[in-house]
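Colleague: I have not looked at this one before. Please put it on the screen, and I will ask about it piece by piece.

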Amino acid sequence: MAAVATETPFHVLAVDDSLPDRKLIERLLKTSSFHVTTVDSGSKALQFLGLLHDEDSPVSVHADQLDVAVNLIITDYCMPGMTGYDLLKKIKESSSLRDIPVVIMSSENIPSRINR
């Protein structure tokens with residue numbers, strides 16, 4: 001029996017308020033043939049994941065995106081409005097999303113933050 005050639009690509013959601021950092025993450029992950037979605041805030045990540053519904057938000061979530069499973073979330077820690085840690089807590093509170101691995105990045109070497 002032959003394996004199916006149309007395998008769904010690994011989908012990564014990258015969350016960072018810095019455009020250069022988002023572009024770098026996207027470029028690095030796409031070299032591994034990952035499907036990458038980038039957003040610039042925790043609230044937009046929650047909206048993309050279907051956890052936040054805000055009609056005034058400039059983000060447009062297409063119906064086909066809602067059917068795409070996210071396999072990994074990479075987020076910056078330090079962002080305005082919602083930190084990466086706050087985003088992590090919201091994701092882990094969701095029964096449908098809590099099993100998605102979340103990687104939090106930070107350029108700051110703060111031991112208490114790392115331990116948390």
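Colleague: What is the relative accessible area of Phe 34?

Modeller: This is a predicted model, in which local features need pLDDT of at least 70, side-chain atom pairs count only at pLDDT 80 or more, and totals for chains, interfaces and linings use all residues. Residues are numbered from 1 along each chain as its sequence is written, and side-chain values use heavy atoms, without hydrogens and water. Buried means under 20% relative accessible area, exposed means over 50%, and partly exposed lies in between (1.4 Å probe, protein chains only). Phe 34 falls in the partly exposed class, at 28%.

Colleague: Which residue forms an aromatic pair with Phe 34?

Modeller: Rings of Phe, Tyr and Trp (its six-membered ring) pair if their centres lie within 6.5 Å; planes under 30 degrees apart are stacked, over 60 edge-to-face, and the rest tilted. By this rule the count is 1 aromatic pair. It is tilted, with 5.0 Å from centre to centre and 45 degrees between the planes, and the partner of Phe 34 is Phe 10.

Colleague: Which parts of the chain does this pair link, and how many residues apart are they?

Modeller: Helices (H or I, at least four residues) and strands (E, at least two) are DSSP runs, numbered from the N terminus. Phe 10 is in the segment before strand E1 (11–15), and it counts as partly exposed because its relative accessibility is 35%. Phe 34 is in the loop between helix H1 (19–30) and strand E2 (35–39), which puts the two at a separation of 24 residues.

Colleague: In what order do the elements of the chain run?

Modeller: The chain has 5 helices and 4 strands. Read from the N terminus, their order is β-α-β-α-α-β-α-β-α.

Colleague: How many of the residues of E1 are buried?

Modeller: His 11, Leu 13 and Val 15 point one way from E1, while Val 12 and Ala 14 point the other way. In a regular strand, side chains alternate between the two faces of the sheet. Residues on both sides of E1 are buried, and the strand's count is 5 of 5.

Colleague: Which residue in E3 is the bridge partner of Leu 13?

Modeller: Two strands pair if DSSP finds at least two bridges between them. E1 runs parallel to E2, joined by 5 bridges, and there Leu 13 is partnered with Thr 37. E1 also pairs with E3 in the parallel sense, over 4 bridges. In E3, the partner of Leu 13 is Ile 73.

Colleague: Through which helix does the chain cross from E3 to E4?

Modeller: Strands E3 (residues 72–76) and E4 (residues 102–105) run parallel and are joined by 4 bridges, with Asp 76 opposite Met 105. This β-α-β crossover is right-handed: with the strands pointing away from the viewer, the path from the first strand over the helix to the second runs clockwise. The crossing from E3 to E4 goes through residues 84–93, which form helix H4.

Colleague: How many salt bridges are there?

Modeller: Side chains of opposite charge can pair when their charged atoms come close. The rule asks for a side-chain nitrogen of Lys or Arg within 4 Å of a carboxyl oxygen of Asp or Glu. By that rule the number of salt bridges is 4.

Colleague: Which residues are linked with Lys 30 in a network of salt bridges?

Modeller: Lys 30 forms a salt bridge with Glu 26, with 3.2 Å between the closest N and O atoms. These two are about one helical turn apart, because they are 4 residues from each other in helix H1. Lys 30 is partly exposed at 45% relative accessibility, whereas Glu 26 is buried at 16%. The network links Lys 30 with Glu 26 and Lys 23.

Colleague: What is the N to O distance between Lys 89 and Asp 86?

Modeller: Both residues lie in helix H4, 3 residues apart, about one turn of the helix. Lys 89 is partly exposed, at 41%, and so is Asp 86, at 30%. Their side chains meet in a salt bridge, with an N to O distance of 3.9 Å.

Colleague: With which residue does Lys 44 form a salt bridge?

Modeller: The closest N and O atoms are 3.0 Å apart.
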